[in-house]
Amino acid sequence: MEFLLELRAEELPASHIRSAREQLEAGFRKELADVRIDVRSLKTLATPRRLVVAGDFAEGQEDREELVTGPPLAVAKGPDGALTAAGKGFARSHGIDEGLLEAVRTPRGEYLGFKRKAKGTSTADILAAAVPRVLGALTFPKMMRWGESPFRFSRPIHGLLCVFGGAPVATSFEGLKATDETVGHRIASPGPIKAGELATYQAGLEKAAVIIDPAARKQMILAQIAAALAPLKAKAYPDPELLDDLSLNVEHPLVILGAFPEAYLSLPLEVLSTAMREGQHLFSVVRDKKQLPHFLGVADAVGDAKGLIRRGNERVLKARLEDARFFWDRDRRVPLGERAAGLKDVLFQEKLGSYEDKTQRLKKIVGYLCDKLGAAEIKSDAVEAAGLCKVDLLTEMVKEFSGLQGRMGGLYAREEGLATVVQEAIYEHYQPGSLEDASPATKAGAILSLADKMDSIVGAIGAGLQVSGSSDPFGLRRNAHGVCKVALDRKLRFSFPLLLDRVLAIYGDRLTLGRAETKAACLDFFAGRLRFILEKKGYRYDLINAALGPGVDQIVDVLARVEALDGLKSSPQFEPFILMAKRINNILKDLPPAKVNPDVFVEKEERDLYSTLSIIGSNALPMIARGDFARAQGIMFKLQPVLNTFFDKVLVMAEDKRTRQNRLGLLQSIAKMLLSIADYSQIVVEGEKSAKPKTAR
Amino acid sequence: MSVQDLILGLHRYWAGQGCYLAQTYDVEVGAGTMTPDTFFRVLDKRNWRVGYVQPSRRPDDGRYGENPNRVQKHFQYQVIMKPSPAGIQDIYVQSLRSLGIALEDHDLRFDEDNWESPTIGAWGVGWQVLLDGLEITQFTYFQQCGGIDLSPVPVEITYGLERLEMFLEQKDDIYDLDWSADVSYRDLRLREEKEFSAYNFTAASVTMLRQAFNACHKEAGRLVAKDLLLPAYDMCLKCSHNFNLLDSRGAISVTERIKMISLIRALVNEIARRYTGGKEGV
């Protein structure tokens, strides 16, 4: 039977709509599953003014057979098998025929009982109770109150349509009684619409200039863009995020193609597209990668017969471009180097000082990274870029369009004729903005990006700014993801703990927390972020735990370790090897370190193991050092037969203390070598109880 | 339609919605929100409806009269309705129709935009209203003011009068607007913009402004202690304006900025707390 729900609200932000759709779907699925209502289909739809759930559910619960138990059989029946007074009383109290009684076996013993049919509850009744619960459980990143009620929601709500099987459900939410009526587009067709099912609802709304399906609106936008641009043989510059937001921001999309004076094409592309996108939500128009003096906007309207919407948007854009050109011309009058003096007046963070302070730190971190990464040839350019990379925060352009930070500095550096390495490093140093964003393409850009992010993270953690739950005011997670992504994408090999030491030393006594405490917190934080990144890449949680077990030294090694484990996990040697490693760990548990002395060996098998270990070690260690864990792991497998024989023939816990200590020492050196690849004890193998996965936030 | 007609139209419309028409407040403010007709009246439980024109001074936006869109003083039409009526969006949309805007020919959008003013400890949730891409109104459900949770919740509707007028007259330059049939915006305002830009950016005495800030701050504290809350609040407004001038003079350092804003906010929060009888905000 068909279910349709529409909650009408004042314009909801796109991010809230996305989250509400997920919550609604999960909420209704759970409510219905909990009471065993069959859900044949369930989907959500939305516009900025409506959250919609449409589904096909069973009419009610299945009738069920229910078992009612009475007194124990020994009490209910006499030795002759006839009912006792207690047995008769049970039948009487339930008003059933004694003939229906039967013996029921339970874990506690045999009882007298009977089966009866229980009538299922109707879905309409279930929905009446579930609807206010699901709607009331919706949460949003920022909630508000209105009028005189303490109720909080994303934006004020105005109406509730809720029908099941064509009839309104007897329910209400926050004073809104469910009906089978809705309204059309605010401006184009605001009248009431009656709708008892999805088909009439959708058709009625469409007539009233509301396209209820966001995917359909997106298709309309794409089709209209294609049609508008066909005569120009041009394309809209792809911006999936903007397209997504716009399809959630309108009830009836209307693509507007507008133009701006060609004179503004002298502005850099970055500036043009930002001026269009920010505030006005416009797409740029390009042909053969060249910007055309046109833009595309998406209006919430049926048509623009008089061209007023187009002309209005053109006028607004022209004013913005005029501003941008003014900034571009004025900013270029002062070279970055000269402007840099102003950085002392811009706060980076209250406890961490100004951007001048940050710049000085960046220069040192960049120098250190260049040394460590063997990038001597770009060191002086990279350090110069570090000195200038934050200067664009002082330009009018970045004050107006903050999204251009970094890129603007790079463009101004280019205009000044600074070295290409310097320009590019400045341009790229905020990249990657997210795990989906590209890492810097140049080495100097990558180094500056790492330095900038490490400075922010170490500083913020050292200043005691904690990340918790959804609160991450300093963007520490994004920055840490950036560090990991740059290291992984560009395969940069540097010791992460040593880099932390260096950054901490550069901060000196500016930080609130002690160095050791800050370092430990940073390592912990990064381990969590790496776990998150690897989980996103789809690796098994226990393999991730194993790869993180040796600690984070080289960031690239953490990925290499988990890749090696993942690649070998289905090899027949893997499982016995893991069990062997665990056996060693169990033997060594809580024992103090012991030394191996080859002269103390008694048995042939322990000598064999010792020499195998030496050979394997000398082969594997260079591989481990360069991060080739797959091959190192392959060699480790060769320990297995020798270890098997060892355990068969040699008693580790020998009576003689010296012999025993020596054997434990031998096992400890094996454990140590294994731990340089992974912490195998974390890996779950068949037949073991699965450990609870540790999930990163 | 001239600016003057626009003001008359809004006055008539909002008076029809039960708003009392207040007169412009006579202390410099950065936004209509800061005047006592909004600040104090949103704090208590009583119903309140008001509409008024308020000049908004933002010294840093001065452009010596050379920018067609930016001025260091512009005019806002401020409406407060408490509690926010259920149909307030429709009431607002109707106000645009009452000005003769045929919305069927345009694109009217409520675009997510949450507002906050750290100086007076206020924030709210709402939208900027865009008409064919032009921001004409800030539409906010006030949640907190002076650090106090507001209940009932007021709605604040702030029209940018010049923006709206540029739309109505279809003009690209603010100075080309007609204030009345005979007086242009240029006649009224150009000289003021030039001279005040020079004052805001170069001529204002930093020493005098600092002294004034400190004197007003001290006076506000003294007045709060005597429970003279309205005069104390005026002093806070003067602090805020002096701060803005110091800022446009480039005289405020990094750490100072935060300190000065928090000095004002602490006083404003205390005034709000005392005004509502000691009820603490969250």
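Q: Leaving aside neighbours within four places in sequence, which residues is Val366(A) in contact with?

A: Happy to start there, with a reminder that this is a predicted model, in which local features need pLDDT of at least 70, side-chain atom pairs count only at pLDDT 80 or more, and totals for chains, interfaces and linings use all residues. Residues are numbered from 1 along each chain as its sequence is written, while chains are lettered from A and ligands numbered from 1 in the order in which they are written. Two residues are in contact if their C-beta atoms, placed from the backbone, lie within 7 Å. For Val366(A) the partners are Ala382(A), Val383(A), Ala386(A), Ile447(A), Leu448(A) and Ala451(A).

Q: Which residues touch the most other members of the largest nonpolar core?

A: A nonpolar core is a set of buried Ala, Val, Leu, Ile, Met, Phe, Trp, Tyr and Cys residues joined through C-beta atoms within 7 Å. Buried means that 20 or more other C-beta atoms lie within 10 Å of a residue's own; exposed means 12 or fewer, and partly exposed is in between. Here the largest core holds 207 residues, and Val366(A) and Ala382(A) touch the most other members. Helix α16 (residues 443–462) of chain A gives this core its largest share, 11 residues. Helices (H or I, at least four residues) and strands (E, at least two) are DSSP runs, numbered from the N terminus. A second, separate core has 43 residues, including Leu7(A) and Val169(A).

Q: Why does Asp125(A) count as partly exposed?

A: Because Asp125(A) has 16 C-beta neighbours inside 10 Å. Asp125(A) sits in helix α4 (residues 123–136) of chain A. Between Asp125(A) and Gly60(A) there are 65 residues in sequence, but 8.8 Å in space, C-alpha to C-alpha.

Q: How do I read strand pairing, and how many bridges link β2(B) and β3(B)?

A: Two strands pair if DSSP finds at least two bridges between them. β2(B) and β3(B) share 10 bridges in the antiparallel sense, and Gln54(B) has Gln76(B) in β3(B) as its bridge partner. Strand β1 (residues 20–21) of chain B runs parallel to β2(B), joined by two bridges; Tyr20(B) is partnered there by Val50(B). Strand β2 (residues 48–57) of chain B is mostly covered, with eight of its 10 residues buried.

Q: Where does the domain assignment place the two domains of chain B?

A: Domain bounds come from an automatic or database domain assignment. It gives domain 1 as 3–200 and domain 2 as 204–275. Their centres, taken over C-alpha atoms, are 24 Å apart. Across the boundary, 23 residues of domain 1 of chain B are in contact with 21 of domain 2 of chain B. On the domain 1 side, α2 (36–39) and α5 of chain B each supply at least two residues.

Q: How many residues of chain B are in contact with chain A?

A: 30 residues of chain B are in contact with 29 residues of chain A. On the chain B side, the largest share, four residues, comes from β4(B).

Q: Which elements of chain A have the lowest and highest mean pLDDT?

A: pLDDT is the predictor's confidence in each residue, from 0 to 100. Strand β17 (residues 347–349) of chain A has the lowest mean (83), and strand β1 (residues 2–9) of chain A the highest (98). Over residues 689–697 of chain A the pLDDT is below 50. Where pLDDT is low, the predicted coordinates should not be read in detail.
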